[in-house]
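Good morning, and thank you for coming. Please look at the sequence and the structure as I speak.

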Amino acid sequence: MIIGELLEKELVLPDLAARTKNAVLAELVAVAGDHVPGLDAGAALKVLKEREKLGTTGIGDGVAIPHGKMDSIERIVLVVGRSAQGVEFDALDHKPCTIFFLVLAPEQVVGQHLRVLAGVSRLLKDDAFRKSFLAADGADGLWRLLQGA
């Protein structure tokens, strides 16, 4: 799975303004809603909040991978965000999250959805990649890093 194939440059957010878990979800979804035809940001936010009720998507090491499935979209949507100060996200290691990869997938592509989640998770387990992600210079630097991922 190549992240660069799924990710649009406009969906890379190098400086999230949000300071809470719900605000992060809303900020990521709002950008997706502005750039992805047919994506209802309100419905997407509801899906993500329902998923978080099942268990946190803050996997530790400063990483959160909020995700969900929606009937109304036709392709997998990936939004990437970075928070320099970190956001309390109920992560498994109880530490703030600084790296966010939002994944929304159509209901009918469960296998592909799981492959994307697994690929993102594998990538973000790499300490060197996480350090490069946090050090990348602005949207262009993040975009270049993610194109090679």
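What we have here is a predicted model, in which local features need pLDDT of at least 70 and side-chain atom pairs count only at pLDDT 80 or more, while totals for chains, interfaces and linings use all residues. Residues are numbered from 1 along each chain as its sequence is written, and side-chain values use heavy atoms, with hydrogens and water left out.

How many salt bridges does a search of the whole structure find? The count is seven. One of them joins the side chains of Arg75 and Glu8, at 2.4 Å from N to O. That pair links distant parts of the chain, since Arg75 lies in the loop between E4 and E5 and Glu8 in the loop between H1 and E1, 67 residues apart. Helices here are DSSP runs of H or I with at least four residues, strands are runs of E with at least two, and both are numbered from the N terminus.

For accessibility, buried means under 20% relative accessible area, exposed means over 50%, and partly exposed lies in between, with a 1.4 Å probe and protein chains only. Arg75 is partly exposed at 33%, and Glu8 is likewise partly exposed at 24%.

A second salt bridge is formed by Lys21 and Asp90, whose closest N and O atoms are 3.2 Å apart. Lys21 lies in helix H2, residues 21-35, and Asp90 in the loop between E5 and E6, so this pair ties together parts that are 69 residues apart in sequence. Lys21 counts as buried, with a relative accessibility of 14%, whereas Asp90 is partly exposed at 49%. Glu52 joins Lys21 and Asp90 in a network of salt bridges.

Asp127 and Lys131 form a salt bridge with their closest N and O atoms 3.1 Å apart. The two are four residues apart in helix H5, which separates them by about one helical turn. An α-helix has 3.6 residues a turn, so residues three or four places apart point the same way. Asp127 is partly exposed at 37%, and Lys131 is exposed at 54%.

Let us now turn to the strands. Two strands are paired if DSSP finds at least two bridges between them. Strand E5, residues 77-87, is mostly covered, with nine of its eleven residues buried. On one pairing, E5 runs parallel to strand E1, residues 12-13, through two bridges, and Val12 stands opposite Val80. On the other, seven bridges join E5 to E6 in an antiparallel arrangement, with Val79 opposite Leu102.

Which residues have the most contacts inside the largest nonpolar core? They are Leu7, Phe100, Phe101 and Leu104, in a core of 51 residues. Such a core is a set of buried Ala, Val, Leu, Ile, Met, Phe, Trp, Tyr and Cys residues joined through side-chain atoms within 4.5 Å. Its largest share, eight residues, comes from E6. Phe100 has contacts, meaning heavy atoms within 4.5 Å, with residues including Leu16, Val24, Leu28, Val79 and Phe89.

Next, the aromatic rings. Rings of Phe, Tyr and Trp (its six-membered ring) pair if their centres lie within 6.5 Å; planes under 30 degrees apart count as stacked, over 60 as edge-to-face and the rest as tilted. By this rule there are three aromatic pairs. The ring centres of Phe101 and Phe133 are 5.9 Å apart and their planes stand at 40°, so the pair is tilted. This pair links strand E6, which holds Phe101, to helix H5, which holds Phe133, across 32 residues. Phe129 and Phe133 form another tilted pair, at 6.2 Å centre to centre and 45° between the planes. Both of these residues lie in helix H5, about one turn apart, and both are buried.

I close with helix H4. Its buried residues pack against several elements, among them helix H1, strand E6 and helix H5. Those buried residues include His113, Val116 and Leu117.

Conventions. Salt bridge = Lys/Arg side-chain N within 4 Å of Asp/Glu carboxyl O.
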